[in-house]
Amino acid sequence: MLDCGLDMTSTLNFLPLPLVQSPRLSNLPGWSLKDGNAFLDKELKECSGHVFVDSVPEFCLPETELIDLSTVDVILISNYHCMMALPYITEHTGFTGTVYATEPTVQIGRLLMEELVNFIERVPKAQSASLWKNKDIQRLLPSPLKDAVEVSTWRRCYTMQEVNSALSKIQLVGYSQKIELFGAVQVTPLSSGYALGSSNWIIQSHYEKVSYVSGSSLLTTHPQPMDQASLKNSDVLILTGLTQIPTANPDGMVGEFCSNLALTVRNGGNVLVPCYPSGVIYDLLECLYQYIDSAGLSNIPFYFISPVANSSLEFSQIFAEWLCHNKQTKVYLPEPPFPHAELIQTNKLKHYPSLHGDFSSDFRQPCVVFTGHPSLRFGDVVHFMELWGKSSLNTVIFTEPDFSYLEALAPYQPLAMKCIYCPIDTRLNFIQVSKLLKEVQPLHVVCPEQYTQPPPAQSHRMDLMIDCQPPAMSYRRAEVLALPFKRRYEKIEIMPELADALVPMEIKPGISLATVSAVLHTKDNKHILQPPPRPTQPTGGKKRKRASDDIPDCKVLKPLLSGSIPVEQFVQTLEKHGFSDIKVEDTAKGHIVLLQEAETLIQIEEDSTHIICDNDEMLRVRLRDLVLKFLQKF
Amino acid sequence: MDPECSQLLPALCAVLADPRQPVADDTCLEKLLDWFKTITKAGSSLLLLQENPCLVELLCHVLKPQDLSSRVLSFSLRLAGVFAAQEDCFQYLQQGELLPRLFGEPGPLGGAAWTAPSVRSGWIQGLRSLAQHPSALHFLADCGAVDTIFSLQGDSSLFVASAAGQLLVHILGLSMQGLAEGHPSLQAGDWPVCAQKIVGHIEESLHSTAVPQITQALNVLTTTFGHCHDPWTQVLWVRLSPLVGSLLEKDPVPAAHSLVDLLLSVARSPGLSSSSCGLWETLAQTLNHLSPTQAGPLALGILKLQDCPQVLRAQAFVILLQPLACVLKATGQDPGPSDVLDSATGDSLTVDALLSSKAACVGLLCRTLAHLELLQPLPQRPCPWPQEPLLGAAVTLLQLCRGSASPASDVGRHLCALLLGCVRVQRAALDFLGTLSQETGPWKGRVGSFFMSVSGPQELVTEVFAVLLEYLRSPDSSPTVLKKAFQATFRWLLSSPKTPGCCDLEPHALLVLRELLPVLQKRLCSPCWEVRDSGLEFLTQMTRHWGGQAGFRHALLASEVPKLTEQLLRDPESYVRASAVTVMGQLSSQGLHVTPVSPEHPGGQQKSLLVELLHILSTDSEGFPRRAVMQVFTQWLRDHHADVAGDTEQFMARVLQVASQDLDWEVRAQGLELALVFLEQTLGQFHSHCPYAVTPPVAAPAGPLAQALQPLCRVRLFEFAFRALFDCDRPVAQKSCDLLLFLRAKTASSSGSLQESRSGPDVASVEAALQRWQAGDQGQPLGDLEPEVVLAVLRSVDLEGLRGALAEGSDHMEKSPQSLLQDMLATVGVLGENEADCY
């Protein structure tokens, strides 16, 4: 199984979970059907024309119906965003396999899960809505609830216990490490350049190579650069996890982010940045580190609020081997690789686990707050939205591309604060993909259908699709796709003692052949040629032979033949041996030698010779021996 | 030649002729040659050689087989040419057979030295100088030089090849000169042998299949028609035009670029009657045969011609517009009612050229836009000018580059993919769009206002502003593109029609401005300093034009722009600080720098800008912001800015004190400019005849001269000016000198009213201090000066002499020929230790 991501956009259908009681949210009117029927008004609330489920947020799990997940042997994880559904799979499906991921992926993935669990568990909600999921009722609901798919499979958030159990099933791997999977294939993680520890995977046998490229970046940010060279010579390259916003250039967006931040703060407003506790935030803090002095923002406090803020900032500093070259060299100086250490030291950046406690006493405005969750449905961000939403001086800047910012803002309407959308997605865009594919030259590319056509809203943008030769094979949800290659060869090892016994004969300069008589031993998808057991000496029947000691009958082996038959010489030989009235006919594949007198036909082709005579075995054997004279035997 | 130089010359010639003493520096030889050229221009070369036999010896000596450096050999060839330019001297050198030995087969031409490009170049330049008289022509013919020049046209060194071509043109002109004077007949058959040989060679080259040879021939012809306009050139063209025309029959047309140059050169030549020699037909034919990329420059050239048949102009204009017409067609837009653009649409060659590759597409579009931009302001540009379709094309191109256009056709989608994010096309299109704002033809005046007209243009102008705003808003616009977008926006705002009798922005333009200001606010906070700087420049331009207008003022003051601008005074980038200083100075002058008055400093806010600017002047580590502050202060003083007018003397004293200590000479020079303004204002009414008088002065001095000079003394203007007089930077000293001379002239007629104390102790001490300053010891201040002392000192200092000395170049002492010769000798003498330039 390749990756194990969690679709969190389902949470956008739910009301936010406020950290402190919100009169506005609790007083929202219940929703009733057009005919006035109000039986759903406890479950559904209306806010500014949108309807939301008033319940604990639920998540959309990966497809579980198509295959029996208990039969999955291995899960390969690309990056920490792509493992958020892991507890659902490992704990509730009978999964008994192994999960492979790099150390930073596991550690930061743990932080993301911990934050998620914490956000949801710390504001327990008594109510759980399920009535609306009834298919007959769902039909009557307004969009987008009406169009939500697979709502019956939506699940509440997992617990910390489940997280720990899931993570315990992960086997840590390092870049370029070769991992044998049941002898059948070897898998290798490669740096994908997107996030700390993010990986692309190579799955290869001795003769076939499949690359799985997911969430990769060619931009110079904090992680180790993408390893492109190792992806070369792939039979198939499975490509996914491209940028979600191909039209937004990350550089431009960072500039936009800084400009809007400065503009707001200079006018006395506060800036709210809904974000994940790891990833782009490191780059944003680095940009701000360079920018705040130049923009005269040195006195503005930057707050990072997350239950895992401290761990995230500290983890980033210790994964030196997973960082880009510049940051790695800093470690040897020794200096912290990320400049947020200095921001913390100089008190420009302060981090808190929650807005309760120390934060309340330190809090000073105007300020910039980084906090989660980017969906605006849970986490400390909900409080800041409620607190700052009423003033047009304040700004919320969306940098995470996973959620539609308009949908995220829907339950906060009407909103006076300014909203800026600066999605920063450093993953590959289509131009970079073209360059990558030209460089790597896989025989076939396999990708989601969406990548093979321009976005529906911009159908003229031929640049916003994968353009490669041969055209990429696309797949859609629940489609079963046969990868375009066949396994034609297996590698077989030969035991040294058997190899010693071989007597090769040179049949062409540089090419030697030898016949082998051996036993092919196959176990765990590995094939070994072993010397054949010696024929057992007759023991005089004193000892009974056990059935397991039986060896296959070693028949007298016929020699192998090679070479070609020169027709003219063969005819001459036939004549010498008394055959007359010989006629030779050329055919498409070779020749036919007709012995008219003997009513016999010798069919000579490139890879076969047939002697067709009418029940005259003696003649056939004579002729066969004449044919064999022209061939080499082993 | 002066005797000193004559004395040094033999030694120098000996050094030059000695291969063991190589001359390290080429520039010395160049200067030496220049000097000889000056001497020979002024007098007889023959006399010079006779008086200085060492020169002929040098020329003879270089011919000896030896290991002489190529630069000396090249120099000698050029020197010989300079001397032989005068016919008597030529004859003199011929007597000794020196010239054939230098320029003929026996000379470097046949030797190993010929492999050096500098020698070949020297040989050509020598002949170029020499070929000034009929004897030279015979010489060239006799020594077979012309054939060598033919071969040098294809020399591996571009300099040599180009010089060879030019020499051929020169020789052709020289030989035809004699014909034109002596023979009225212009038949080609009567031409001198030399000219016939050259023309024959050109014809042969034009027949050739080798492109380089054709290019050489075309280049020679281009230069000929460009430089020589005698009647024979028409005969030459009539003779060669069929050959030139035959080039068009080849596919692809060889040396198309050179061919275009030639045809335009012929068309521009006043010596040719274009209509009688079939030139227009050839031009029309060429336009049809060249590829769209090659035809563009020719089309532009044709359209720039003053007298040209209308049909040809129309054809050229169609060719020029074709790429833009293709863009419009590909994006499904109607090129509009213009016949010109309509007829330009169907060219499949242009479409192919556009779509062949990104580089070709970008190149063709950028060239087209640049050509049209050049054409637009010319009086001879095509009429009617298709303003609307051109605007539409520029807007469409900008949309294609942003991906905001949605073309329906395949060609359009392909174009979109090629142009997406292309900064070059964006820049060119924005420049062109800005140029189109200048349009003042019937289109603009047709309906009073762009925005209020009933149909057509107003929609386009709305689109123009929309696309400009799109660019200004886009996070993906590169800093250079943004700068161009700001410039184009300003030009369009500027061109919006004004209500009669009112300079304010037109109502729709004001709406645009209201959308623009939030964008500007954000750009002023950009992390990229170039963007902040462009934003400030844009604001400066706007404030300069509409700072006094109510609509603009209201919109600006309602925005955060002034406040943000003030914060940029502390920007880490010095260019931005400088721009912010300029804008703030201007905003303040216009009364647009209004910050909320704090209770602690009622009414003190305006002062704070002055204090802040003074702070920048005294402490900023970079020169640009300090220079900008000085310019703002000067402008404030001129405008009688309230902050300055309140206590001008204190302001002046403070600024001059800070400026005098500035390490940047431009700040000190600007300080003198400020001092001059103050001086003019102070003395303005004292002498109403002063041409620089500013009226009304701030503090009109009514009393006698001494009283008038008192404020200048109080602000220590004289100490500043005298100190600047001996400034180590010449422009400062010159400016100070001018200022003091101006003051002396102003006070001259009135000095009688003052009790001069020329011999008094104060004057003596000031003069002594000045002498010390001149000597470099500027430590001691002058102290408080009395007007009388100042006047006395002004008269005692030799300001005219000083001005004269300052007007001389800093190297005027070292620039003499004698110094050059001495330096060359000295350099050679100490070559081992010092290889530096002799200057």
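Is B:Ala255 buried or exposed, and what is the relative accessibility of B:Ala255? At 14% relative accessibility, B:Ala255 counts as buried, where buried means under 20% relative accessible area, exposed over 50% and partly exposed in between (1.4 Å probe, protein chains only).

The views below come from a predicted model, in which local features need pLDDT of at least 70, side-chain atom pairs count only at pLDDT 80 or more, and totals for chains, interfaces and linings use all residues. Residues are numbered from 1 along each chain as its sequence is written, chains are lettered from A and ligands numbered from 1 in the order in which they are written, and side-chain values use heavy atoms, with hydrogens and water left out.

**View 1. The loop between α14 and α15 of chain B holds B:Ala255.** Helices (H or I, at least four residues) and strands (E, at least two) are DSSP runs, numbered from the N terminus. B:Ala255 has a positive phi of about 50° although it is not a glycine. B:Pro252 also lies in the loop between α14 (232–247) and α15 (256–268) of chain B, and a cis peptide bond with omega of about 0° joins B:Asp251 to B:Pro252. Most residues other than glycine have a negative phi, and most peptide bonds are trans.

**View 2. Two loops of chain A, with A:His373 and A:Asn347.** The loop between β14 (368–371) and α12 (381–388) of chain A contains A:His373, and the peptide bond that leads from A:Gly372 to A:His373 is cis, with omega near 10°. A:Asn347, in the loop between α10 (340–345) and β13 (349–352) of chain A, has a positive phi of about 65° although it is not a glycine.

**View 3. The surroundings of A:Asn13 in chain A.** A:Asn13 lies in the segment before α1 (23–26) of chain A and is buried, with a relative accessible area of 10%. Leaving aside residues up to four places away in sequence, A:Asn13 touches A:Val51, A:Phe52, A:Val53, A:Pro144, A:Leu145 and A:Trp154, a contact being heavy atoms within 4.5 Å.

**View 4. Helices α39 and α40 of chain B pack against each other.** Helix α39 (residues 717–725) of chain B and helix α40 (residues 730–748) of chain B pack at an angle of about 130°, with their axes 7 Å apart. That angle makes α39(B) oblique to α40(B), since angles under 35 degrees count as roughly parallel, over 145 as roughly antiparallel, 65 to 115 as roughly perpendicular and the rest as oblique. Axes are lines fitted to C-alpha atoms, for helices over the stretch in contact, and angles run from 0 to 180 degrees between N-to-C directions. Residues of α39(B) in the contact include B:Phe718 and B:Phe722, and those of α40(B) include B:Cys737 and B:Leu740.

**View 5. Helices α2 and α5 of chain B come together.** The axes of helix α2 (residues 26–42) of chain B and helix α5 (residues 70–84) of chain B come within 10 Å and cross at roughly 10°, and α2(B) and α5(B) are therefore roughly parallel to each other. Among the residues that make the contact are B:Leu29, B:Leu33 and B:Phe36 of α2(B), together with B:Phe75, B:Leu79 and B:Phe83 of α5(B).

**View 6. Helix α8 of chain B is mostly covered.** In α8(B), 10 of its 14 residues are buried, including B:Trp123, B:Ile124 and B:Leu127.
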